[in-house]
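Here's a quick briefing for anyone opening this one up for the first time. Have a look at the structure, then read on.

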Amino acid sequence: MDTKKLSYPYLVWITLTILVPMLLIFLYSIIEPGPEPLTFQFSLAHYLRALDGLHLQVLWGSFVIALASTAACLLIGYPAAWFISRLRARSQSQVILLLMMPMWINMLLRSYAWMTILSRNGILNSVLAFFGLPEQNLLYTDFAVILGMVYNFLPFMILPIYTAILKVDANLVDAARDLGASPGETFLKVIFPLSIPGIITGITMVFLPSMSSFVIPQLLGGGQFLMIGNLIERQYLLTGNWHFGSALAMLLMAFILLSVWLMKRFDPKSMDSGEGVIPW
Amino acid sequence: MVKKLYLGLLFFFLYAPIIVLMVFSFNESRSGTVWTGFSLTWYEELFRDRRMQDAFRYTLLVAVISTAVSTFIGTFTAIGIQKLRPKWQAFALNVNYFPVINPEIVTAISLMMLYRSLRLDFGFATMLMSHIMFSIPYVILAVLPRLYALDKNLAEAAQDLGATPWQAIVKVIIPQIRPSIFTGALMAFTMSLDDFVISFFNSGGGVTNLSIEIYAMARRGIRPTVNALATLMVAVIFTVVLIANRISIRKAKS
């Protein structure tokens, strides 16, 4: 028996379950039903439709939400990673465990938790009322969606940055200090530049799942707020327009490949450093 | 000082919502804000809910079967892939990577289109197949690095000493890669338990899992039974993670 034959069934299997469906998506996105039943003709109408006013707004909106979530994660996450790296070695591993624990909880439950807090009768409003502040309607807004993204994906930003900071050679820091750099200068000129690969990994790991998330905008954004994931879901489960859905999926994939490519160009090592599998 | 305060706030942000969720699962009234007294009403309601029980059973069943199947297929496939010619190896690994980097929703619709094209009925079988399908790549990714690191001479020595290729795999290779097989299986299991999007698109006929039930209930608004379910799930997860952590710490020490 030749050992490599063990992989043949799987090669057939991935061709059928991965490649063929991908081709199906591509095919559906560029055809439309012809004049006769069961005939099809080439068409770019679905892509054009995805780029018309209303749908373009959804695509742009998804991008902006994902960008805002990523920025917020970076702003909150970088100092967190920095402070964790300054703790004693023993507390560090405990704090990292504490950081990773919520990631094991189902994303639906983590988003649901914020529903109970942000809703009109939720905790937040009773706290505000206690201090005599006006009631806020935060649930089912962009803010709630971004908050949900930050809550769900923040650890993905902190962990790679923390790892990158840890990897910074202590000798370099000492050398900078010996040569007269202040702690601030050491940070800006030595530690921060060396932690950039971690930042890039973090950005990728937050931005990509935010962009394509479908659960968080559905639960925290409510019915009226749509991101591209929700738009795709609608085409498949509601209107049954596979052609348009496929075109949207193609656009999403193209966008994601483009982002990964850009990140790779920006820092070729960031994706291969094994700092984690992309989280979705 | 700033350090402690900042990290304190961070963990307050991360844990407060979960704690609030858990506390109000024991609340007597429906309210998610006003504490009216301790009660187990919502747990009783949860345990009386037939749909929930079914969803729970399906979740576990799918997770166990898909983990077993995908670990088996993934391990042997990885052993085979590693022997392929570089060109085919690259093909296998690149396609294998697709479900890992593709957004879940794209994987979900691609499978849905496949099943529909094959005129399959949506239900337990399609859900199980989908889980097997998205788990295998992770098992392969967990096992392969370990395989590459193995000493090739050992398996060859076994064969020189008269072992069949099959015996060489089962008695020499597999024992050496056991920890990575276990890692792969664990990933497959947790991903299956946790999956929502792919199951949501690829189940039907009354077959659901816990995630789908939670989604359906959460969409209709806040329900204390969801809080009760969440509390149980969080308790189980945290216990398992803490025990696993203890074990790995003890192992590292010894």
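**A first look**

The largest nonpolar core has 132 residues, and Tyr112(A) and Ile109(B) are the ones with the most contacts inside it. A nonpolar core here is a set of buried Ala, Val, Leu, Ile, Met, Phe, Trp, Tyr and Cys residues joined through C-beta atoms within 7 Å. Helix 7 of chain A gives the most to this core, with 16 residues.

This is a predicted model, where local features need pLDDT of at least 70 and side-chain atom pairs count only at pLDDT 80 or more, while totals for chains, interfaces and linings use all residues. Residues are numbered from 1 along each chain as its sequence is written, and chains are lettered from A and ligands numbered from 1 in the order in which they are written.

**Chain A overall**

- Chain A has 13 helices and two strands; helices (H or I, at least four residues) and strands (E, at least two) are DSSP runs, numbered from the N terminus.
- The C-alpha trace of chain A spans about 80 × 70 × 40 Å along its principal axes.
- Of the 280 residues in chain A, 40% are buried (20 or more other C-beta atoms within 10 Å of a residue's own; 12 or fewer is exposed, in between is partly exposed, and C-beta atoms are placed from the backbone).

**Where the chains meet**

- 60 residues of chain A are in contact with 61 residues of chain B, a contact being two C-beta atoms, placed from the backbone, within 7 Å.
- Helix 1 of chain A supplies the largest share of chain A's side, 11 residues.
- That side of chain A divides into 44 nonpolar, 12 polar and four charged residues (Ala, Val, Leu, Ile, Met, Phe, Trp, Tyr, Cys and Pro are nonpolar, Asp, Glu, Lys and Arg are charged, and the others, Gly among them, are polar).
- Tyr112(A) touches Leu219(A), Ile214(B), Ala218(B), Val226(B) and Ala230(B), leaving aside residues up to four places away in sequence.

**Helix 12 of chain A**

- Helix 12 of chain A is mostly covered, with eight of its 10 residues buried.
- Among the buried ones are Ile228(A), Leu231(A), Glu233(A) and Tyr236(A).
- The buried residues of helix 12 pack against helix 3, helix 10, helix 11 and helix 13 of chain A, together with helix 5 and helix 9 of chain B.

**Helix pairs**

- Helix 7 and helix 10 of chain A have axes that come within 7 Å and cross at roughly 160 degrees; axes are lines fitted to C-alpha atoms, for helices over the stretch in contact, with angles from 0 to 180 degrees between N-to-C directions.
- That makes helix 7 of chain A roughly antiparallel to helix 10 of chain A (angles over 145 degrees).
- The contact of helix 7 with helix 10 of chain A has 13 nonpolar, five polar and no charged residues.
- In chain B, helix 4 and helix 6 pack at about 115 degrees, with their axes 9 Å apart.
- Asn96(B), Tyr97(B), Pro99(B) and Val100(B) in helix 4 of chain B meet Phe134(B), Pro137(B) and Ile140(B) in helix 6 of chain B.

**Two loop residues with positive phi**

- Tyr140(A), in the loop between helix 6 and helix 7 of chain A, has a phi near 65 degrees.
- Tyr140(A) counts as partly exposed because it has 19 C-beta neighbours inside 10 Å.
- Arg119(B), in the loop between helix 5 and helix 6 of chain B, has a positive phi of about 60 degrees although it is not a glycine.
- Arg119(B) counts as exposed because it has 6 C-beta neighbours inside 10 Å.

Terms used: Parallel < 35°, antiparallel > 145°, perpendicular 65-115°, else oblique.
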